[in-house]
Amino acid sequence: MEALLYQFTLLSNQACQDKNYDPSSTDDLMKLFEIEAYKSWVAMELEQEMEVKEAEVAVQQAEDYLDSDMESDMDEFRRFEEEMERMAMSELESLERTAESARKMGNLLEKAATFASKKYMEAALNSATASMKTAWKGLSSKKVHPS
């Protein structure tokens with residue numbers, strides 16, 4: 001392209017200095033400019049196509065990497081989720097066992113309280129009966145108890 005520009009400069013100088021200069025002589029040079037421009041355009045287009053292909057390959061590689069990484073992360077998440085599920089089930093079973101033990105303990109304490117209450121009632125009734133018997137004996141013997 002620089003050589004063509006140099007020739008164009010020479011022809012321009014010649015056209016300015018020579019009154020008999022034939023402008024058709026620049027036609028060949030203009031055709032060479034056109035061919036050179038076309039070659040440059042084709043070369044740039046080929047270079048652009050190569051860059052597009054390289055970009056497409058890079059995008060595909062990035063997508064493949066992202067898919068692989070995402071799948072790996074999803075697998076890790078699934079394992080984490082399963083582990084959390086196992087831990088939650090274990091905790092639930094432990095709480096259920098504790099609750100069942102507390103329920104049984106409550107039932108035992110209720111039975112013990114009922115038994116103790118009955119025994120207390122029996123003792124109170126026996127004490128009252130004994131007091132009444134003593135009082136009846138005192139009334140029958142006409143003696144008054146000092147208390």
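Which side chains meet in a salt bridge at 2.5 Å, N to O? They are those of Glu100 and Arg103. A salt bridge here is a side-chain nitrogen of Lys or Arg within 4 Å of a carboxyl oxygen of Asp or Glu.

This is a predicted model, in which local features need pLDDT of at least 70 and side-chain atom pairs count only at pLDDT 80 or more, while totals for chains, interfaces and linings use all residues. Residues are numbered from 1 along each chain as its sequence is written, and side-chain values use heavy atoms, without hydrogens and water.

The chain has 2 helices and 0 strands; these are DSSP runs numbered from the N terminus, with helices (H or I) of at least four residues and strands (E) of at least two. The C-alpha trace spans about 175 × 30 × 15 Å along its principal axes. Of the 147 residues, 5% are buried (buried is under 20% relative accessible area, exposed over 50%, partly exposed in between, with a 1.4 Å probe and protein chains only).

The whole structure holds 5 salt bridges, including those in the table.

| Salt bridge | N to O distance |
|---|---|
| Asp75 and Arg78 | 2.8 Å |
| Glu83 and Arg86 | 2.8 Å |
| Glu100 and Arg103 | 2.5 Å |

Asp75 and Arg78 both lie in helix H2 (residues 25-141), 3 residues apart. Glu83 and Arg86 also lie 3 residues apart in helix H2. Because Glu100 and Arg103 are 3 residues apart in helix H2, about one helical turn separates them. Salt bridges with shared partners also join Glu71, Asp75 and Arg78 into one network.
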